Each structure stands twice: as C-alpha cells, then as structure tokens.
Amino acid sequence: MTAPSSSFARPTVRMKPKTNARAVRHGAPWVYANEIVTDRRTKSIPAGALAVLEDENRAPLGLVAFNPDSKIMCRMLDRDPAAELNVAWFQARLQRALEMRERLFDAPFYRLVHAESDGFPGVIIDRFGDACVVQPNAAWAEVHLEALTEALVAVTGVKTVLKNASGRTRGLEGLDDVNAVLIGSAPDAPVPVPMNGATYMADLTGGQKTGLFYDQRPNHAFAARLVAPGARVLDVFSHVGGFGLAMLANGAAEAIAVDGSAPALALAAQGAEASGVGDRFATRQGDAFDVLSALSAEGETFDVVICDPPAFAPSKQALEAGLRAYERVARLSAQLVKPGGYLGLCSCSHAADLSKFRTASARGIGRAGKSAQLLHTGYAGADHPQLPQLAESGYLKAVFFRL
C-alpha cells in the first residue's frame, strides 16, 4: 500500500443519529460499523484511507482512519480534521512516546508504542536496543508504513526496523501475514535483553509476537520478591523464561519452565546460561494442563508456582469457556504449591475483566482444597499505558496468592 498525496480530497463519514458522538468527543478512539451511515460511497472508500468523521449534525469530530471491511470502521487519529499524516506528524508522536520511556527505563528495551494509548491506533512498536519491531495491525498503518519507519529511525536512531505481521488482528483488517525487513538487516541470532537482573533471549524474526513480552516486567519483579533462599519454583506457560529467570536471579535454588514450544524453551535455556543460572534451570515441554497433572501425580511441590497462559478468552464469545480454563489452571497449579507457598495467576484476555478472572482463580484454588490470601494484583508495565476510554488497553491482570 502507498499513502495518498496531501492533495487527496478526504471523504467524510457521518455517525448515525442517536449514536454516542459525545464519547468520541471525550476521547473514545473507535467508532463501530453499526454507528456509521454506510452507503455505496462509504463502502467504496479504500481500507486505510483517511476520512473526516462528522456527528449526525455534520459537525467535524476529527481525522479518522477508515476501513469499510472492519467492525472498527473508524479509528481516531487526530482531533484536527485537517491534520497531515506526514513524517513530521509521526515524529512528534514518537518523540512524546520516547520521552516517557527514557524517563522510566535506564536501557532501551521496552514497548515504545502501545497502540491507541500512544496515539497510534492498532500499532505496536517494541524496542530492542538498536532494533525495533513494528506490528502495523490496522490498515491505515500499513498505508503509511514508510513515513512511520522514516520517523522511527529519525527519533530513536535505531539501525534495524522489522515488520511483524503475525496475529489475528491483521486478518480482521484484511491485511496479509508477511513479515519484512524495513530498515537494516534482521539479526542472525537472538537479542539479549536485560530485565530484573536476568538476561532474556528475544528472537525478533521467528519468535512469538515481537519476540518478547515486556508487559509482565513488573509482575516478574514482584514474583522474584516471593522467593526465599532454597526455593523451588515452577513457571508454567513460560515462553522464554519470563518468571522463572527473574526468580532465579533473585536467589531461587531451582526453576522448571513449562511450555508447549520447544523453540521458546530453547531460548529460555539460553537466557538461563546468559544469566549465569543455567545449572539451576530445567525445562519441560508439553501441554501445560498435562504437565501440571503429571507433576501432581509425581508428588512434586514447589514454593512458588506461576501460570501465565495465552488469552483463553480473546473475545466475548469465548468468555465462559475461557473462565473455565482459568479455573482449571488455578486448580491444577494450586495442588502443586507447598503449604505457605505462593501462586501467581495471569490473564491477558481483555474480555475477562479483573473481577471475573479473580473469581475464577479463587474458585479453582478452592476446588483444589486450598485456602488463600490474595496478596497483590499486578498489571502491565508503564510502557503499556492504558487509554482510560478504551477498556481493551488494560488487558493484563496478575493475581498473587499465598496458599
């Protein structure tokens, strides 16, 4: 896709009568297809085009990215309907995002852009030193990817920019799943990332999402505080060793990482070696539910158990099945916790709010025959800011119990 010239006459799209234009004025970033007046003209607007959004009285609300094929038909880009999406526009927003991360972190390893919360609807950018991985998960970002990339290099000085096209969101926007190197060259080895006293290995080209999940950083740090000298820990749905490596760095005697992905566990083992804790780290590949059941049958117990599964409830339609899965995880993992030990349970499902997730977790612990104190509730790190008007931006929950 190529961006239209600045002389392109922007179409207008209008909200239907009795829809909530006030919410848009107050910061809501999305307008759904059932809220927009659609006819042959609007349906012919190409995906990713810029349009001026109007309320039912034809008063302009701002500049939006339009996609006639998406349930989210309009994504607010700028309150100024005449704004130009040129390199300078991208630079200004990236600079604002960078300033906050540089204040929060002492090394350039963080989420630089968290979609709507940073003014880039549908766009994720994770930074790994002098490389950035961009996920343009909305059609408008694909159209303007060249300007975004140019601005990203100018603002951050990174030498490599990679495009990651994985994930179901791009499919919902009608986009392809083809990864690409936008600037520089792809790294030929995993990138070491320092966090919480450990070193993680991020595969920027073949790993999940952008290669590493930065959102759990503060929850890794809290879990690390739960380990006493000699502690045995179990990190389930470990990916590249997130919780386990942080707890080993803080003095745990032994950590077992469980994941279904052999490549992820191989990266976790590399991270353990790079962190100097390889002799205390072990992996177990397999379905997490099966491994939890097997460990219980083997009579294993641990001082700290953490479960950080994928999104069991990625949509409202999947909510009930997802809550049952979270309850099952809680039941199986609670059985492995020593008396007086700790259990951390996580959810990245925005459809399962904190109250529902906490209730499912407590029910599972109870079904395991355990009683619990809820010690701490964690969320995504500050490099994953929430947009108050968008509940989906606050997707991550982590609840820590003493059993």
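Predicted model: local features only at pLDDT ≥ 70, side-chain atom pairs only at ≥ 80, totals over all residues.

Reader: Fine. Why are H3 and H5 called oblique to each other?

Author: Helix H3 (residues 87-104) and helix H5 (residues 145-156) pack at about 45°, with axes 8 Å apart. Angles under 35 degrees count as roughly parallel, over 145 as roughly antiparallel, 65 to 115 as roughly perpendicular and the rest as oblique. So H3 and H5 come out as oblique. The helices themselves are DSSP runs (H or I, at least four residues; strands are E, at least two).

Reader: Which residues in H3 meet which in H5?

Author: With contact meaning heavy atoms within 4.5 Å, Val87, Phe90, Gln91, Leu94, Gln95 and Leu98 in H3 meet Ala147, Leu148, Glu150, Ala151, Leu152, Ala154 and Val155 in H5. That set splits into ten nonpolar, two polar and one charged. Here Ala, Val, Leu, Ile, Met, Phe, Trp, Tyr, Cys and Pro count as nonpolar, Asp, Glu, Lys and Arg as charged, and the others, Gly among them, as polar.

Reader: What makes Ala313 buried?

Author: Its relative accessible area is 0%, and buried means under 20%, exposed over 50%, partly exposed in between (1.4 Å probe, protein chains only). Ala313 sits in the loop between strand E16 (302-307) and helix H11 (319-334). Leaving aside residues up to four places away in sequence, Ala313 touches several others, including Tyr326, His350 and Ala351.

Reader: And why does Ala189 count as partly exposed?

Author: Ala189 has 42% relative accessibility, so it lands in the partly exposed class. Its place is the loop between strand E10 (180-183) and strand E11 (191-195).

Reader: Last one: what makes Phe289 and Phe312 a stacked pair?

Author: Rings of Phe, Tyr and Trp (its six-membered ring) pair if their centres lie within 6.5 Å; planes under 30 degrees apart count as stacked, over 60 as edge-to-face and the rest as tilted. By this rule there are 13 aromatic pairs. Phe289 and Phe312 are at 6.1 Å centre to centre with 25° between the planes, hence stacked. Phe289 lies in helix H10 (residues 288-297) and Phe312 in the loop between E16 and H11, so the pair ties together parts 23 residues apart in sequence. Phe289 also counts as buried, at 12% relative accessibility.

Terms used: Residues numbered from 1 in each chain as written. Heavy atoms only, no water. Axes fitted to C-alpha atoms, helices over the stretch in contact; angles between N-to-C directions.
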